[in-house]
Every structure is written in C-alpha cells, then in structure tokens.
Amino acid sequence: MKKFMLLCLILSMLSIIFAAEAANPISAYLENPNTESYSKAVSYIAENNAKETEGMGMQLTQAYLANVELNRILDLAKTAKLSAGESFTLANLYLSMEKYPEAIAIYDRINTDTPAWSCPWRHKGEALYQMKDYKASVKALEQAIETNKEHYDAYIWMAKSLYELKKYKAARANMEIAFKLDSSKEHGSSDAEMVDKDIQDLYEKIKAKTK
C-alpha cells in the first residue's frame, strides 16, 4: 500500500511538473525505457535540478526513474545469458537490495559452476547470515575459507555466524586469524568491508564470552 501511494504521488508530481512539456526526455524515457533514453532523462533532470531553488521535485523524480531503470535491467537479466562475473554482480545487487533468496539462488549456481571461486561462497554466507540461517552461513563460509585461506572477510563473517550460534571460542579463533591477515588486499574488491569499529566491537563481545 505504501509503495502504491508513493507511486501515485510521484506520478502526480510528474504530471504537474511536466504538463507544459509533453515531449521531454523524462516522458520519452517512460514511453520507451532504454539505456539511451534513461541517460537523456538523467541529463535533463541534472540541468533542471540546478535551476530548482526549493523543494526536491527533481531529485524525487530522478529516484523514481532510477527505480524504473533498475527493475528494467533486472527483468532483462532474468532471461540474459550472463557470464560468471556478471552473475556475481547481479547476485551482489540483490544482496544490497536485501533480496536474499534471489541472491542465494544465483550464488548457488556460481558455486556449482566455479566451486573454487571464494567470493561467491563468502557473499552467500553473508546472505544466509542476514536470513538468520547461521548454520548454513557457516557451511558457505567454510567453503570460502577452504578456497582462499587469506579471505579476510570470510573469517569475519564466520565469526559473526559462530557468535550467533554461541560458539564463542571458534568465533574468537576466526577473528584472530583475520587480524593476522592483510585486509588491505581486499580494498577496492567486490567484497564489501565491514566498518573497523564494528569489527572491534564484535571482537570485544566475543572476548567477553571467552574469558
């Protein structure tokens, strides 16, 4: 219901803002969504946003169009023949959108096709953790570590899952292995790093349980 109301509000706003301009890049994109028309619509919004002295009409319009374009691309991806790298990117996108079952389904396929690739195992472990399936998360993360003994993030997520399973000694052991590794090797990679403070807070909680 909330999404429907927001859609109605956006569409009403669009009709008011662009009533005098029947043929503009925004309406052109909505009539024929594609990469080129989307690029023109975004450029048009940027130009008009610079002129907007108050309110957030243009920014909200841009957010709406971005959502339309995102869903268009996701629909295309469902039937496209994707490479392993493209599939991994798509799964990570679903993960960032908190669509965990969709992400896990893709990670599963990658794990089957390229079982020695550590990153999809690690990310699947994160998705399973977010779904509170901690035992399955541990299994995925074990594979991530098995295929890359220096996978810093895998040890951290393993510690998080083990902590939830109340396996505090094992969680601490994984944290301490991670601290011996060079986390900077993953800088700029597709592995999203946890905030250092969050990692330290987790370690302090684990230490308190293993005194």
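**Entry 1: a crossing of two helices**

I began with helix 4 and helix 5, and I noted that their crossing is left-handed. The model I am reading is a predicted one, and I kept that in mind for every entry below. When I looked up the geometry of this pair, I found that the axes of helix 4 and helix 5 come within 12 Å and cross at roughly 135°. Angles over 145 degrees would count as roughly antiparallel and those from 65 to 115 as roughly perpendicular, and helix 4 and helix 5 are therefore oblique to each other. I then listed the residues that make the contact, which are Leu 70, Leu 74, Ala 77 and Lys 78 on the side of helix 4, and Leu 90, Leu 93 and Tyr 94 on the side of helix 5. Sorted by class, the contact of helix 4 with helix 5 has six nonpolar residues, one charged residue and no polar ones.

**Entry 2: the whole chain**

Next I stepped back and counted 11 helices and zero strands in the protein chain. The chain has 211 residues, and buried residues make up 38% of them.

**Entry 3: the cores**

Which residues have the most contacts inside the largest nonpolar core? I found that they are Met 175 and Ile 206, in a core of 41 residues. Several helices each supply at least two residues of this core, among them helix 4 (57-79), helix 5 (84-96) and helix 11 (196-209). Helix 9 gives the most to this core, with nine residues.

**Entry 4: helix 9 against helix 11**

Finally I turned to helix 9 and helix 11, which pack at an angle of about 45° with their axes 11 Å apart. That angle makes helix 9 oblique to helix 11. Helix 9 passes helix 11 in a left-handed crossing. In helix 9, the residues Tyr 152, Ile 156, Ala 159, Lys 160 and Tyr 163 meet Ile 199, Leu 202, Lys 205, Ile 206 and Lys 209 in helix 11. I sorted the residues of this contact too, and they divide into seven nonpolar, three charged and no polar.

Notes. Residues numbered from 1 in each chain as written. Predicted model: local features only at pLDDT ≥ 70, side-chain atom pairs only at ≥ 80, totals over all residues. Heavy atoms only, no water. Core = buried A, V, L, I, M, F, W, Y, C linked by side-chain atoms within 4.5 Å. Buried < 20%, exposed > 50% of the residue type's maximum accessible area, 1.4 Å probe, protein only. Helix = DSSP H or I, 4+ residues; strand = E, 2+ residues; numbered from the N terminus. Axes fitted to C-alpha atoms, helices over the stretch in contact; angles between N-to-C directions. Parallel < 35°, antiparallel > 145°, perpendicular 65-115°, else oblique. Left-handed = near helix turned anticlockwise from the far one by under 90°. Contact = heavy atoms within 4.5 Å. Nonpolar A, V, L, I, M, F, W, Y, C, P; charged D, E, K, R; others polar.
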